[in-house]
Amino acid sequence: MTERPVVTFALCWALGYVYALVYGVGSAGMYFLLGGTSAVALAYTLQAAWRRWASFLGIIAVAAGWFGMYDARNVTQLEASLYEERLVVVSGSIVTPVTVDGDRVSFQAVAQAVEPTEEGDAGGVGTAIHAKGQHLGEQGQGQGQVNGVGDLPTAAPAPPQHQTELAERLQVSIRLQHEEEQAQAREWRRGDRIELVGTLLRPSEARNFGAFDYRRYLYRQHVHWQLSVKGLAKVEVTPPHSEAWGFWRAARWNDAFRDSLGDMVDQLFPAEQGGFMKGMLIGLTDEIDPQQFDAFSKLGLTHIIAISGLNVAIFVGCIVWVLRRMGLSRETYLRVAFLLIPLYIAMTGAAPSIMRAGIMAMIALYAAYRNRLKDGMHLVLITGVLMLVWNPYYLVDVSFQLSFLVTMGIILLVSRVSKLLPIRSVKLREAVSITLVAQFVSFPMTVYYFNQFSLLSFVANLALVPVFSMIVMPIGTIAMLVGFGSISVGGGLAWIVARVNDILFAVVGWSSRLGEFQLIWPTPSPVWMLVYYALLVCVVQLHELQWKQKRISDEPPSPLLETLEELRRKELLHRWNGPLLLPAAWLLFVSLLWNGYSPPEASATQGTVQVLDVGQGDSILIRAYGGDDRTLLVDGGGTVSFRKPGEEWRARKDPYEVGRKVLVPLLKKRGVQRIDELILTHQDADHFGGLQAVLEEVPVTRLLFNGTLKPNADVEKLFRTALEKGTQLVAVQAGDRLKLGPELELHVLYPMPEGDREAVELVSDQNPISVVFLMDLAGTRWLFTGDMGVAQELELLNRWRSIGAGSSGGSGGGLLEQPIDVLKVAHHGSKSSTAEAWLEAWRPRQAVISAGANNVYGHPSPQVVERLVRRGMIVHRTDRQGEVQFEVRDGRIFSRHKLE
């Protein structure tokens, strides 16, 4: 505690937050805070050994109490029973930049008044908005502080009857109805007063195990409600009073400044590079091309696009270089750089990574100014503690975690690694050591959050980062600033950067498409990550000891007697540098990596069936264990669009697509490194749409389909991608049997064989020819039915009954002799499927329905659900329960739901 007090304090503070996160403190935070403070005070009356432990526990308790108190204040002021899914009239202020993307406008607002109204009372709604606007126009100026947002431009209005006076932060989403409304929304700014009518909704929870939780994401921004609005007819926005003042005023100026910089980037750079350059130079990431971002992400190069410590270092370096060339004194250019950093942080969006780097740079500049710059690790940890005290939720922010881990790793390990590398060039050795350390330190966090790692990442970072940091970023910044004085000069500089970008983008794009270098990692456990870091430090330490031992042995013997300290040092080196220690450490480290890449499954589990919630669609992940592991994916969901001709303006830059946004991340998180059998039951959008992303991201051995082709451009693209990726296309039909392992067998029951199997027929109506199959999994029976209808159900039953009657109990009839354990109800529970005769024939014990929550089709049909319940079945529904998981152990089926 006395040797490294800052390190000890920061570690204890982080542990206190972790305790509060894992075990919860909540309203007891004050007691933890008081108890911890008392423990620290009491420590000074104890003996040295006890004093240390009392101090540790006291700091941990204080931190846990601080987190608990902070978290306990993060509550909504609106009672769910009164406001949830209600149409309300809201008045307040816009507090974040407004994003207009296609037909969607999004921003956050602090509501100062919320009044429920009746949805059918259009006149009442209009009157309420008019009255509210009139009232706000008559009120005086005022100021208020809300959730750290800052001063609002005007005071909250006095609430009318039934209205709640509050300061509630809302996530507002407006669906535009006309193209002309885009220009109107783009004029809105932070600080504008806004009155609007919309529906209050709770943010959606994660509906699949391990998926992104939007409700938790907004909760950590102090947002508990979403406000959904249709069109601008019920929205009124007015600028703040010209004489009003508050934090919002500076934010408004900053937004305007960033917008002007963004406009200059658009003028100077080609359209395909504009989004990338805005993200790199000023932190405007909304316009980055999604495919371009994915290419950088696969190579571990997203830190180039995101504003981070590298940007701050270049900014400070350029400022200092220019001021020194101007002949200013050391004290002057340090002060100027110190004062400019907050402006740079604000200009680039104030993300956690840029705040960390900016605060660190300011502390370092101040320490240099006072000639007290000694310990970089102390600077990092002081910065981290200050940020965590300001906002404890930073601890669970991925950019905060990666930023601090990589920075601390570089400070602790780069000098040690550098002297171990057999590279003569000092600059090259430093570059290689920094890249190596950054790669190894960030690796566990990278696979934990993104579940992928490229073997080309090290080479890509070593080769490309210097080009971006020494050419693209500085020259691009100069071009952007010079452009305000001379477009021609700025354009000339931008042309140079654009040509370099063309080459770099081509290299990144080509490298990212080399699938054999892309590794998919299952999400590691916290214990695995801790052991990884411990072994990493151990390996580096042993290499350093070996290096020191070699240097001592190479030194000429001293003519003087060795001092006691030198003897002790040699003895320690000899003790901890045995010939087997380093190889053993490397063996353990490599074994740990293999264990993380291919973790062993629990021996009791013979198989799992996971019915994923992909909205209004089907996607089922099946895994069989027991020596010959197999992975099957049945359908992939899909996003159905009903856009009419002439509505191209509604298209968004990064539209929601269930395969890329939901399915692929889930597969990677669960460690699906290859799909052995991809079963496409039929080619409707809600079954095949998500598979395009799957084929692009995950290796697939075989794709089983119904032998037809739907005349659709997206379907053709899907099959073309499968062929390009080396996936074997296999048409299946009734009577096919696939023995996929000792515990897994599929019996295809439908569609019926017709004509030449090799001929691919064009069929628009796919539901009647859905692939239907019976699966035997470790002694359990499952029936998957696609979107078949009642007519196909009866046809199938008649065929297999006739086969059974003609074969004296042969394979056909045997399929119907035993009841099935789980039925995947056809067509999302539509009333056009699942007839009484069908249920009577199969006698399922459980049923699962895959349907979207609040879908427009009304699935599942109440009649179908009642039919299932009447037969005593356990009915699982993704629309109510989210993902449904089944686990097979010893011939028994165990189930769980995400939302229960």
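**Exercise 1.** State how many residues the largest nonpolar core has and which have the most contacts inside it.

Solution. The largest nonpolar core has 77 residues. Those with the most contacts inside it are F276, M277, M280, F296, L301, F468 and V472. A nonpolar core is a set of buried Ala, Val, Leu, Ile, Met, Phe, Trp, Tyr and Cys residues joined through side-chain atoms within 4.5 Å. Buried means under 20% relative accessible area, exposed over 50%, and partly exposed in between (1.4 Å probe, protein chains only).

Next, take one member. Leaving out residues up to four places away in sequence, L301 touches F296, A460, N461, L464, V465 and V508; contact means heavy atoms within 4.5 Å.

The model is predicted: local features need pLDDT of at least 70, side-chain atom pairs count only at pLDDT 80 or more, and totals for chains, interfaces and linings use all residues. Residues are numbered from 1 along each chain as its sequence is written, and side-chain values use heavy atoms, with hydrogens and water left out.

**Exercise 2.** Describe how helices α18 and α19 are placed relative to each other.

Solution. Step 1: locate the helices. Helix α18 covers residues 457–482 and helix α19 residues 487–512. Helices (H or I, at least four residues) and strands (E, at least two) are DSSP runs, numbered from the N terminus.

Step 2: read the geometry. The two axes come within 8 Å and cross at roughly 150 degrees, which means that α18 is roughly antiparallel to α19. Axes are lines fitted to C-alpha atoms, for helices over the stretch in contact, with angles from 0 to 180 degrees between N-to-C directions. Angles over 145 degrees count as roughly antiparallel.

Step 3: list the contact. Among the residues that meet are L464, F468 and V472 in α18 and L493, V497 and V508 in α19. By class, this contact has 16 nonpolar, three polar and no charged residues. Here Ala, Val, Leu, Ile, Met, Phe, Trp, Tyr, Cys and Pro count as nonpolar, Asp, Glu, Lys and Arg as charged, and the others, Gly among them, as polar.

**Exercise 3.** Decide whether T834 and N854 are buried or exposed.

Solution. T834 lies in the loop between β22 (822–824) and α29 (836–842), and its phi is near 60 degrees. T834 has a relative accessible area of 1%, so T834 is buried. N854 sits in the loop between β23 and α30, with phi near 55 degrees. N854 has a relative accessible area of 78%, so N854 is exposed.

Conventions: Angles under 35 degrees count as roughly parallel, over 145 as roughly antiparallel, 65 to 115 as roughly perpendicular and the rest as oblique.
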